[in-house]
Amino acid sequence: MDPASQMMARRAMDIGLELVWDRYEAQQPQCGFGSLGLCCTVCNLGPCRIDPFGQGPKQGVCGATAEIISARNLLRAAAAGSACHSDHGRHLAHTLKLVGEGKAKGYEIKDVEKLRKVAAEFGIATDGRPKETIALELAEKMLAEFGRQEGSILLTTRAPQRQREIWQKLGIMPRGIDLEIVEGIAKTHMGVDNDANNLLLSAMRVALADGWGGSMIATDVSDILFGAPAPIRAQVNLGVLQGDKVNILLHGHVPILSDVIANAALDPEILALAASKGATGINLAGICCTANEMLVRRGIPIAGNFLQQELALATGVVDAMIVDVQCIMPSLGEIARSFHTKVISTDPRAKFPWVEHIQLDEHDALPIAKKIVQIAVENFANRDGKQKFIPSEKMDLVAGFTTENIFYNLGGRFRATYRPLNDAIISGRLRGVAGVVGCDSPKNESGGSHVEMVKELIKHDVLVVQTGCSAISCAKAGLLKPEAAKEYAGRGLREICEAVGIPPVLHSGSCVDNSRILTACTEMVREGGIGNSLDELPVAGAAPEWYSEKAIAIGWYVVASGIFTVIGSPLRVKGSAVVDKILTEELAAKVGATWAFESDPIKGAHLMIDHINKKREALKLSPMMYEMYE
Ligand code: MSK
């Protein structure tokens, strides 16, 4: 669907580069046992596999059945995804602690109001105390949440009462974040938990520790340290790369790296060095969720989403790609060898073949960041002009909508409230709200599924909130411009967007910022009139092209929070009718929501619309305003 990506993929083929799509094709047919969740590598009695047709083995060597194996694998994936987000949150809390102690040169507290608000939630006195003292106490309390052995994590108190009661009743109220991850993994060891239902309850518990814990801490601390996002204009797609400037791509997730690099790129000495090399400046752009973090706070352009990371290198004008953690393809170093591009890793957790490692140290990050930027500037002179190939495509967008600033966007500058949003839903001008999030995948339409699904939703007056690479895909298609309301939105949604001046698709940040969607939904409940709990709201979620274990964790905490969720490729449970039924039907009686698996994005959108309609009916809301006349 994206012409820039198509052009670059052809270019890569012409010069003999192997990309993610080629490797995907080379893997066909992918293992049927694995795809169905019937392959077990947990212990050395195996690897074992179950015959889905009932002709061969029905159990692994230990006696594990299809449902045990698939549920166990799913819990492992949820734990890995939760670990990734939560490690990100811990990293940020640790940096906040260093800032509080005065030991993190190059970082500061940018949002004191949010610091005070979050500190108050953690029971910390704020009046008359220096921001650094508050930050230190808050960071220590947040870090303690990871190792908490008793009681539930504090941020679950943000959830509506009914969700908390459900979690208590089911025994899935999350305790310490690390505890849940460790216990979840321990339960999947051979001979521990062998009950599919019990394993899946643990998957929810571990994911809730992520959504209402690790990810929520990551979002809060990012706002405190780097400033809460506000609506901001910027551009997206590979056309943001500039032939006459030093191009530095920032890729990964944790804003601790990208923020300090952005500061280093403003250094007058480095800019002078760039000029001396013949460059007209330094152009920073992002890939994946680092891109989203920098976009929503600084308006730094986005070069691309997950599937564009290799394509960006093929432009021949990337002087350095600087990476930290998560979603970084192991192939990047190899691809960069065909160009002058330097790929530099910065986090001790993540090293890659053919990639230089320069470790970022938060104690004194700016000199290291300057060194890295200087390497990129020096490398500008090594460009081979014959390799230059920059697509012209770039698109305008508006991003940076948060739980907090949505109050002002909807309620006016002096009347911060969700009332107009709830009223619009009650009156039938707006059908409901959908979160469409997650990755782009070569198994699906490589970003196109997001665009098709979101167009269908907004056409039916569903306001869409986005994060991650899904938001980048829709931004490239022009859906994040306020003008998109006129072109694509239904009449009710269009009127709201035009009155308030927002796009019909709201970009809320990175993957960990899915926690903003949880808190925004909670605010909708608190405002009243559209349900007393998250499972009663006319809302739905989707990840049409998910690929990562983090997406599994997100899906789980959204479902466990009572929000119906559609994903593009099924979870690997189709080999067990029992587990499939639990996920797609039986969870409704437990948590008030289920998963749905639908690869067609239009059909997926209609599953969400039907679900929202059912919630509207249950709440006895008005019929959709303009449908009455059509
Ligand atoms: S970066 S997890 S490909 S959204 Fe958060 Fe994109 Fe998915 Fe990575």
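Analyst: A residue is called buried here when its relative accessible area is under 20%, and exposed when that area is over 50%. The model is a predicted one. With that cut-off, Gln326 is buried, because its relative accessible area is 12%. As background, most residues other than glycine have a negative phi, and most peptide bonds are trans. Gln326 is located in the loop that runs between strand E7 (318-323) and helix H14 (332-336).

A positive phi is also found at Cys288, where the value is about 60°, and this residue is not a glycine either. Cys288 belongs to helix H12, which spans residues 288-298. The relative accessibility of Cys288 is 1%, so Cys288 counts as buried.

The bond from Gln28 to Pro29 is cis, with omega near -5°. Pro29 sits in the loop between helix H2 (20-26) and helix H3 (32-36). The bond from Gly46 to Pro47 is likewise cis, and its omega is near 5°. Pro47 occupies the loop between strand E1 (39-40) and strand E2 (48-49).

Taken by location, Pro29 lies in a loop between helices, Pro47 in a loop between strands, and Gln326 in a loop between a strand and a helix, whereas Cys288 is placed in a helix.

How values were computed:
Residues numbered from 1 in each chain as written. Predicted model: local features only at pLDDT ≥ 70, side-chain atom pairs only at ≥ 80, totals over all residues. Heavy atoms only, no water. Helix = DSSP H or I, 4+ residues; strand = E, 2+ residues; numbered from the N terminus. Buried < 20%, exposed > 50% of the residue type's maximum accessible area, 1.4 Å probe, protein only.
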